[in-house]
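We will go from stop to stop, selecting a few residues each time.

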Amino acid sequence: MNDILRALGRALVSLLHPRMLWLTAMPFFVSGLIWGAVIWFGWEPFTDFLRLWLEQWEFTQWIYRFFGYFGVDSVRMALAPFILVALLVPLIVVTALLLIAGWSMPAVLRHLSRRHFIHLEARKGGSFWGSLGQSLGATVIFLIAALVTLPLWLVPPFFAIVPPLLWGWLTYRVMTYDALAFHASAEERKRIVRERRLPLLVIGVATGLLGSLPTLLWVSSVIMIVLFPVIALLAIWLYVVIFVFSALWFAHYCLRALSRLRIEEAAHHEPTLHGTVLPAATTLTHESGDAAGAAGAAGASGTSGAPPMLPPPEGR
């Protein structure tokens, strides 16, 4: 838990760096252009189509009568836009997540490598195609699960449980691969994911809860749902910022875990002299000191077995 909180604090600090804020620009513009055009030209046709389609169902009429009995007549106006928003939001979020994973995550890793993890050797156990396959595969599974569980998104308390779990799983699957693809070997990446699956899933669910905040904004009021076309760009920007923060959180946690793994492996494979195990590297307190600490311990070990140097005899 300490590692999760430490990575959280460093991710918050890193998010305020101007370079990290700039990384939100491209995903925001691309997502905004794509979905802004879809919403601008398709909002009214889609809502009219859904409204006519809903009028044909007896269950929909029962819902209208039920809420009308309590004097809530706005349901007839808001149901079609609500369904459309429920269909658009997952697509918008997935678009932002894939853009962050494909474009912003490499820049995040370069930034952290220069500032905090300069000692880590890049073993390049991942690739662009591997990242693409991982992202698309996880996205397909997520969309199927979201479609199957969509009715639960409308029922309390499941609307506060199911979406964060799905977003958390998707974020964990996509971000973990990209966070380790450049620095870790394939074996190291698989080992870290296997040994730290629960903490990584916790980070994913936490970021999934953050990603649900803009969604809760829409379901909080009928007026907000109707105004979705107007303030959709604000929601897209919020999603992009949340996912850049998620990338930083996963990167800090995964790269620190990789640094510790390599130091443990180096200590485990250190040579011995006369049956005595040489002292291992000291416990690290900061990523930037990992290389220096390891190198210092290695240097000390290399000279600990040598006899002391005697001064030369004085001349007579």
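**Before you start**

This is a predicted model, in which local features need pLDDT of at least 70 and side-chain atom pairs count only at pLDDT 80 or more, while totals for chains, interfaces and linings use all residues. Residues are numbered from 1 along each chain as its sequence is written, and side-chain values use heavy atoms, with hydrogens and water left out.

**Stop 1: the whole chain**

Show the chain as a cartoon. You will find 12 helices and two strands; these are DSSP runs, numbered from the N terminus, with helices being H or I of at least four residues and strands E of at least two. Walking from the N terminus, the order is α-α-α-α-α-α-α-α-α-α-α-β-β-α.

The chain has 316 residues, and 42% of them count as buried. Buried means under 20% relative accessible area, exposed means over 50%, and partly exposed is in between (1.4 Å probe, protein chains only). Among contacts (heavy atoms within 4.5 Å) between residues at least 6 apart in sequence, 84% join residues at least 24 apart.

**Stop 2**

Select residues 186-195, which form helix α8. Which residues of α8 are buried? They are Glu-188, Arg-189, Ile-192 and Val-193. Look down the axis of α8: these buried residues fall within an arc of 130 degrees, so they line one face of the helix. The arc is taken from the directions from the helix axis to the C-beta atoms. Now colour Glu-187, Lys-190, Arg-194 and Glu-195, which are exposed on the other side of α8.

**Stop 3**

Is His-183 buried or exposed? At 2% relative accessibility, it counts as buried.

Leaving aside neighbours within four places in sequence, His-183 is in contact with several residues, among them Leu-109, Leu-120, Arg-123, Glu-188 and Leu-255.

Next, select Ser-113, which lies in helix α5 (residues 75-115). Ser-113 is buried too, with a relative accessible area of 15%. Its side chain makes a polar contact of 2.9 Å with the side chain of His-183. A polar contact is a pair of N or O atoms within 3.5 Å; within protein, one must be able to donate a hydrogen and the other to accept it, and residues adjacent in sequence count only if both atoms are side-chain atoms. Not counting residues up to four places away in sequence, Ser-113 touches Ile-118 and His-183.

**Stop 4: salt bridges**

Side chains of opposite charge can pair when their charged atoms come close. How many salt bridges does the structure hold? There are nine, each being a side-chain nitrogen of Lys or Arg within 4 Å of a carboxyl oxygen of Asp or Glu.

Begin with Glu-188 and Arg-123, whose closest N and O atoms are 2.7 Å apart. This pair links distant parts of the chain, with Glu-188 in α8 and Arg-123 in the loop between α5 and α6 (128-149), 65 residues apart. Glu-188 is buried at 4% relative accessibility, whereas Arg-123 is partly exposed at 38%.

Then select Glu-265 and Arg-191, a salt bridge with closest N and O atoms 3.1 Å apart. Here Glu-265 belongs to helix α11 (residues 228-268) and Arg-191 to α8, 74 residues apart.

Finally, go to helix α1 (residues 2-15), where Arg-6 and Asp-3 lie three residues apart, about one turn of the helix. Their side chains meet in a salt bridge (2.7 Å, N to O). Arg-6 is partly exposed at 29% relative accessibility, while Asp-3 is buried at 19%.

**Stop 5: a pocket**

For the last stop, select Ala-101, Gly-102, Pro-106, Ser-131 and Asp-178. Of the 19 residues lining the second largest pocket, these lie nearest its centre. The elements that give two or more residues to this lining are α5, α6 and α7, and α5 gives the most, with eight residues.

A pocket is found on a 1 Å grid over the protein atoms alone, as an open set of points where a 1.4 Å probe fits, with protein on both sides within 12 Å along at least five of seven lines; lining residues have an atom within 4 Å of a point.
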